[in-house]
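Have the sequence and the structure open side by side, and let us start with the contacts.

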Amino acid sequence: MTKETFKAFLVTQTESGQFHTGIAEKTWDDLPAGDVLIRVHYSSLNYKDALSATGNPGVTKKFPHVPGIDAAGTVVTSAAPQFQENQEVIVTGFDLGMNTWGGFAEYIRVPAEWVVPLPQGLTLRESMILGTAGFTAGLCTEALEQNSITPAEGDILVTGATGGVGSIAVSLLAKLGYSVVAVTGKQSQNSYLISLGASSVISREEVDDKSGKPLLKECWAGAVDTVGGNILATAVKRAKYSGCVVACGLVSGADLVTTVYPFILRGVRLIGIDSAKCWGSKRLAIWEKLARDWKPANLEKMVTVITLEELPEKIDAILKGETVGRVLVALAG
Ligand SMILES: NC(=O)c1ccc[n+]([C@@H]2O[C@H](COP(=O)([O-])OP(=O)(O)OC[C@H]3O[C@@H](n4cnc5c(N)ncnc54)[C@H](OP(=O)(O)O)[C@@H]3O)[C@@H](O)[C@H]2O)c1
């Protein structure tokens, strides 16, 4: 094994428990064991990466650490026969960037089971504009479809709409013919959300019910909730009869205070999404759809491109809920 050196965004913990970030030079031998060594061309910044980079123990326990739950690039070497040198591949989720060094580096080494061949119809850049956010929006869309929520059933609420998952969910659902009600805390971004395909935009306060009532006027056939907490509870209370609320995030809060009334009087369905461990053929099928029929038309409208050196500023912004769309991290070339 050559000792190729490369740049990595490294998070270290001091003896007093503080976390620091910086760019470090590493070698291939520093990478974890695994079947496939990949030269990373692009990564992306997700909310979970910001938690990892700031030492959240629910995400990362071992330091020094390289975050980055997403990576797309080319195979350098593979001990698994299904991957060949120079093949373009995607890795998202599993343990990447959690307790396994992740995509905020010029190289990763991972188990073959985590690797997805880049589907025809996507470039490496597009695959990481989508990244875990796009894959999750795809899983949420599939959950709505599997629960018989067609465009004819009514409006779909998308919360945290200017965020990564939110932006792609708005765009994807609109492309599939759904009428999307986008919820945002950023009034200045209404025209951005309309440009992604939202039919209307409402403020966070309008879906943050404090009345204490167990049920509210029926409004939405479905919801993709990226924020959790009382906004998720409100989406459940305001779902239409037989509606479907898909929960995937917690930026507003991890608690969910509700009664059983929406479920037993209106037949509302509450579906949970986990993208990280979504395995095998389902993972491939979602990526294939994202590369073809589900590929959002306006990916470039949602992207800000940064380097590894610019990560700290964007990590800070995503933790404050201030980013808009997707942050693409450009590495090789
Ligand atoms: N289950 C899974 O597999 C999975 C996969 C990916 C992500 N996630 C989760 O989904 C969530 C979103 O991830 P992301 O990467 O899209 O993050 P993101 O880009 O930061 O988007 C989150 C958006 O939520 C809104 N928001 C922020 N703080 C809020 C608050 N206190 N109350 C209400 N809304 C708030 C903001 O949008 P507005 O200003 O437009 O409201 C923000 O842009 C995170 O919790 C993440 O961990 C889960």
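Predicted model: local features only at pLDDT ≥ 70, side-chain atom pairs only at ≥ 80, totals over all residues.

A backbone N or O atom of isoleucine 273 sits 2.8 Å from one of the ligand's nitrogen atoms. Taken alone, the ligand would expose 920 Å², and the protein buries 88% of that area. The elements that each give two or more residues to the shell around the ligand are helix H2 (124–146), helix H3 (164–175) and strand S9 (180–184).

The table puts them together.

| Residue (backbone N or O atom) | Ligand atom | Distance |
|---|---|---|
| Valine 165 | oxygen | 2.8 Å |
| Cysteine 248 | nitrogen | 3.0 Å |
| Isoleucine 273 | nitrogen | 2.8 Å |

Which residues come nearest to the ligand? Among the 29 residues around the ligand, they are Thr162, Val165, Thr184, Cys248 and Ser275.

What is the make-up of the shell by residue class? The shell divides into 15 polar residues, eleven nonpolar ones and three charged ones. In terms of domains, at least three shell residues come from domain 1 (5–118 + 299–330), and at least three come from domain 2 (130–272). As for the site itself, the space that the ligand takes up is the largest pocket.

Two backbone details are also worth a look while you have the model open. Phenylalanine 63 and proline 64 are joined by a cis peptide bond, with omega at about 0°. Proline 64 belongs to the loop between helix H1 (47–53) and strand S4 (70–78). The other detail concerns asparagine 86, which has a positive phi of about 75° although it is not a glycine. Asparagine 86 is found in the loop that runs between S4 and strand S5 (88–92).

Conventions: Residues numbered from 1 in each chain as written. Heavy atoms only, no water. Near = heavy atom within 4 Å. Polar contact = N/O pair within 3.5 Å; in protein donor to acceptor, adjacent residues only side chain to side chain. Areas by Shrake-Rupley, 256 points an atom, 1.4 Å probe, with all protein chains shown as cover. 1 Å grid on protein atoms, 1.4 Å probe; cavity = no way out; pocket = protein on both sides within 12 Å on 5 of 7 lines; lining within 4 Å. Sits in = over half its atoms within 2 Å of the grid points. Helix = DSSP H or I, 4+ residues; strand = E, 2+ residues; numbered from the N terminus. Nonpolar A, V, L, I, M, F, W, Y, C, P; charged D, E, K, R; others polar. Domains from an automatic or database assignment.
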